[in-house]
Amino acid sequence: SPDRLLSARIDELTGTGFARSSQKLSTEQIKSLNLDSIAAFYKKLYTNPQGTTYVICGNFNADTLMQQFVSVFGRIPVSSHLSLFSYPHFNLPVRKHIEGFPNDNDTQTLFDYLLLGHYQPGLKNTLTLMRDLIRNRLISVLREQKSLVYSPYISLMYEGIPQGTFYFDINASADNDNMPQIEQLLKEILHQLKQQEVDNEELNTLKRSFLIAKREALNEESPSAWRTALVGLLKNGETISDFDHYEQCLDSIRHAPRSIPSLSGYRELYPFIFKQKQTEK
């Protein structure tokens, strides 16, 4: 499946998944696995309260709930063994990378352009203004002006702990003959965003949309959304204090390109991952 191969390869390049080669177990390793050893591993991993954070969201009486909460989770015994799990060593690619996977459509290329980099964990650096700015340019140039692609997409994925890595994924489907022009236009769009100031009106419009989206998503009737947001902050090394001052943090982002998060940090490399009929090495 080209989609699965592409997804797995992106995970390898960005450090969000293990390399495919490392997932292959020997016959001896497979035979050594049994339910007892698996159960022992999960018990060791999930019943150790060391480093655990609990997030409780909703409309409740804090004093009453804390008594109930402690009576339940306080029963978990403190482990005498410290957790020894560690993250594998990982480095982002340092040069342009081009790969291809088979595609059933001979005339179309489904492309993914990845831009990778490191960032300092923090709310200001994970506000996705640059993703939306790039998306606006893609729609304006590639679709409306040049009619090269119909639906250009861009996503921003980031992981504050442990690696502090992020990547933009720009993807769409286009005619094979249009790919050289698309590549050139994309480089021009990114270069322009890095060198020129973003118009204040456009930047303020994006800021307002962020505030409106936050108010609609996180309200008194959405405890599950609050839980997801708070857990995300903790897992990515962001502070609740910054999130409590979300509007001020957003307002501190100015129109100069170097002050817009997730732009100046990415490397000058363009790992292009194509799915097309003629596989490239």
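The buried residues of helix α6 pack against β3 (153-159), β4 (165-175), α7 (179-195), α8 and α11. Buried means under 20% relative accessible area, exposed over 50%, partly exposed in between (1.4 Å probe, protein chains only). A contact means heavy atoms within 4.5 Å. Helices (H or I, at least four residues) and strands (E, at least two) are DSSP runs, numbered from the N terminus.

This is a predicted model: local features need pLDDT of at least 70, side-chain atom pairs count only at pLDDT 80 or more, and totals for chains, interfaces and linings use all residues. Residues are numbered from 1 along each chain as its sequence is written, and side-chain values use heavy atoms, with hydrogens and water left out.

**Helix α6**
- Buried here are Leu-129, Met-130, Asp-132, Leu-133, Ile-134, Arg-137, Leu-138, Val-141 and Leu-142.
- The 17 residues of α6 should span 24 Å at 1.5 Å a residue, and the end C-alpha atoms are 23 Å apart, which agrees.
- The expected span of a helix is 1.5 Å times one less than its number of residues.
- Ser-147 follows α6 and has a positive phi, near 55°.

**Helix α8**
- Its buried residues are Glu-202, Leu-203, Leu-206, Lys-207, Phe-210 and Leu-211.
- These pack against α6 (129-145) and α11 (246-251).
- At the start of α8, a side-chain oxygen of Asp-199 comes to within 2.9 Å of the backbone nitrogen of Glu-201.
- Helix α8 (residues 200-217) has 18 residues and reaches 26 Å between its first and last C-alpha, close to the expected 26 Å.

**Helix α1**
- Leu-6, Arg-9, Ile-10, Glu-12, Leu-13 and Thr-14 are buried in α1.
- Gly-15 follows α1, and its phi is positive, near 80°.

**Nonpolar surface patch**
- Leu-25, Ile-30, Leu-33, Leu-35, Ile-38, Phe-41, Tyr-42 and Tyr-46 make a nonpolar surface patch of about 870 Å².
- Patches are made of residues with over 30% relative accessible area and no salt bridge; like charges are joined within 9 Å, nonpolar side chains (Val, Leu, Ile, Met, Phe, Trp, Tyr) within 5 Å.
- A salt bridge is a side-chain nitrogen of Lys or Arg within 4 Å of a carboxyl oxygen of Asp or Glu.
- Helix α3 (residues 35-46) gives the largest share of the patch, five residues.
- Leu-25 sits in the loop between α1 and α2 (27-32).
- Leu-25 is partly exposed, at a relative accessible area of 45%.

**Whole chain**
- The chain has eleven helices and five strands.
- Buried residues make up 34% of its 281 residues.

Terms used:
A polar contact is a pair of N or O atoms within 3.5 Å; within protein, one must be able to donate a hydrogen and the other to accept it, and residues adjacent in sequence count only if both atoms are side-chain atoms. Accessible areas come from the Shrake-Rupley method with a 1.4 Å probe; for residues, only the protein chains shown count as cover.
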